[in-house]
Amino acid sequence: MERIDVEKTASRGVAVAPVYKYLEPDFSPDGGLIAADQAGMECEKFIRAKEDVQKELELLAEENPIFAAHLEIAGDFTLQEGVETKITEELMNAQLALHNTIEEFAAIFEMMDDEYMRERAADVRDIGKRLMAVLKGIQRPDLGSIKEEVIVAARDLYPSDTVKLRPEVVKGIITEEGGVTSHVSIIAKSLNIPTLVGVSGILRKLTDGSLVCMDAGDGVIVVDPDRETLAGYQQKKEAYEGERTRLKALRQQPAVTKDGKRIALCANVGNAEDIRRALEMNIDGVGLFRSELLYMENDHFPTEEEQFAVYKEAAELIPQELTIRTLDIGGDKGLPYFSFDEEENPFLGWRAIRVSLDMKDMFKTQLRAILRASAFGHVRIMFPMIISPEELREAKALAEECKRELAAEGIAFDGAIPMGMMMETPASVLLAEEFAEEADFFSIGTNDLTQYLLAVDRGNKRIAEKYDYFHPAVVKAVGHIIAAGHKKGIKVGMCGEMAGDPDAAKLLLDLGLDEFSMSAGSVDYVREQILK
Ligand code: PEP
Ligand code: MG
């Protein structure tokens with residue numbers, strides 16, 4: 001028997017089953033450099049592989065919208081251009097050119113400070129593997145063919161693998177790589193499969209078919225358990241399954257506290273697919289639509305029409321509020337098609353509203369698209385990283401200018417669209433009362449607020465234990481923001497990670513928080529705390 005403690009839980013739950021080791025074929029490129037006269041043939045090989053993959057993805061996209069996004073990336077001309085340049089100018093064969101281009105694309109996402117964005121590198125690599133499989137003529141193993149109950153152990157799982165997961169037989173997932181916002185984590189959460197990610201070296205410790213117990217809540221894996229341990233985990237598993245059934249039943253109840261306050265339980269999303277998943281949790285709206293995904297997945301600043309289509313689809317999906325945060329980019333969160341100057345302190349640099357107010361045409365394009373979508377639902381606009389009332393006024397004035405333009409053009413929009421702000425800088429805390437005079441709502445961004453108040457970089461593993469939203473300074477700031485908002489009669493929500501932590505719920509209710517916005521997988525657990 002061996003016990004392994006794990007840090008990163010992606011989806012809670014307990015599982016007991018034999019291991020199915022999912023070993024990928026070798027996707028590394030064969031061969032390398034070519035003679036100049038072979039370049040044309042290698043380019044053709046790539047184009048043919050691309051066409052095959054596009055056909056595959058078109059079929060898959062009919063069933064699952066994730067693959068519609070993959071289809072777009074696969075058809076992206078910059079990808080083709082990148083591969084062809086490497087073939088014709090650097091004389092690489094198609095496989096090596098593809099490998100290097102995909103790694104360059106993935107690296108752009110991996111450099112970003114937002115974990116959600118960082119994990120999008122997995123989508124790019126997934127497409128790379130699909131193309132490489134065609135180029136190398138290899139078949140990928142099929143998780144859909146599993147017949148018996150198992151715990152799947154893999155180096156990492158990509159969208160192409162996870163769509164085939166059937167929760168009736170896949171009782172647990174353990175991966176060596178991946179973060180809590182990776183694709184596998186999101187899918188596992190929505191399918192309620194207990195999942196542990198980032199367990200380095202686990203594949204070496206497991207043999208195919210050996211019995212494993214896992215508790216993804218406590219972060220424990222037991223390999224080859226003795227009888228007593230096994231019995232303990234069987235009991236835990238039954239208790240967990242009972243809890244899931246009970247929590248699911250609670251979804252029908254609106255989130256009302258014992259003393260009668262109706263709390264809004266909302267979701268944080270990045271696209272329409274996230275909204276569809278969150279709707280299953282009976283949410284009261286979207287408290288944070290991170291619009292940057294739309295900018296990062298493109299090869300150009302998305303046009304007004306492109307943005308309008310995305311926001312309109314989102315507004316029509318969700319009957320309640322849809323809070324769209326304007327572009328939060330910059331610092332070390334880059335765009336593939338725009339070069340940012342290097343900065344000494346990117347977190348204190350040119351990011352979010354600072355970029356938008358400096359690039360007014362780009363900002364107005366986004367504001368016009370959001371305003372147009374507001375004719376199709378209950379859209380709200382939210383500005384990120386505000387530090388002064390002047391910034392808020394300037395952003396609102398630009399929105400008013402867009403309203404006037406749209407009205408003159410005879411285009412419909414919600415004239416009373418609420419305009420609020422993220423409360424995520426120390427300045428916004430200290431000036432909360434002044435801001436409450438001019439903002440229609442507040443949403444507390446504890447992810448940034450914690451790093452700025454405590455001077456602790458949110459992405460620095462070395463000081464991770466100092467990054468704590470239960471620190472008295474953060475709790476005091478949250479209480480101050482809520483009190484200031486209420487004094488001026490505006491609602492205060494929270495969309496940082498703290499809102500999705502069931503252990504924080506009681507404290508936040510006591511402080512008077514009106515709206516909790518979180519990833520869909522946390523909604524059941526927070527609802528339970530509110531109803532208690
Ligand atoms: C936050 O800072 O808490 C937040 C929700 O925004 P982001 O994580 O996107 O910076
Ligand atoms: Mg933030």
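## Strand pairing around β15

In this predicted model, phenylalanine 442 has valine 492 of β15 as its bridge partner. The two strands concerned are β14, residues 441-444, and β15, residues 491-494, which pair in the parallel sense over 4 bridges. Further along, isoleucine 444 stands opposite methionine 494 in β15.

Strand β15 is also joined to β16, residues 515-518, by 2 bridges, and these strands run parallel. Here glycine 493 has glutamate 515 of β16 as its bridge partner. Together with helix α21, which spans residues 502-511, β15 and β16 make a right-handed β-α-β unit.

## The barrel

These strands belong to a barrel closed by 8 strands, in the order β9-β10-β11-β12-β13-β14-β15-β16, with parallel pairing.

## The magnesium site

The magnesium ion (ligand 2) has Glu424 (OE) and Asp448 (OD) as its protein donors, at 2.1 to 2.2 Å. Glutamate 424 lies in the loop between β13 (419-423) and α17 (426-430), whereas aspartate 448 lies in helix α19 (residues 446-454), so the pair ties together parts that are 24 residues apart in sequence. Both glutamate 424 and aspartate 448 are buried.

## The open sheet

The model also contains an open sheet of 8 strands, with mixed pairing and the order β1-β8-β7-β3-β4-β5-β6-β2. Strands β1 (2-5) and β2 (8-11) stand at the edges; each has a single partner strand, so one side of each is left without a neighbour in the sheet.

Valine 152 stands opposite isoleucine 173 in β5. Helix α10, residues 227-250, packs on the sheet and touches β3 (14-22), β7 (211-215) and β8 (220-223). The direction of α10 makes about 105° with that of β3.

Conventions:
Residues numbered from 1 in each chain as written. Chains lettered and ligands numbered in written order. Predicted model: local features only at pLDDT ≥ 70, side-chain atom pairs only at ≥ 80, totals over all residues. Heavy atoms only, no water. Donors = N, O, S within 2.8 Å, 3.2 Å for Na, K, Ca; no water. Buried < 20%, exposed > 50% of the residue type's maximum accessible area, 1.4 Å probe, protein only. Pairing = 2+ DSSP bridges. Right-handed = clockwise from strand over helix to strand, strands pointing away. Contact = heavy atoms within 4.5 Å. Axes fitted to C-alpha atoms, helices over the stretch in contact; angles between N-to-C directions.
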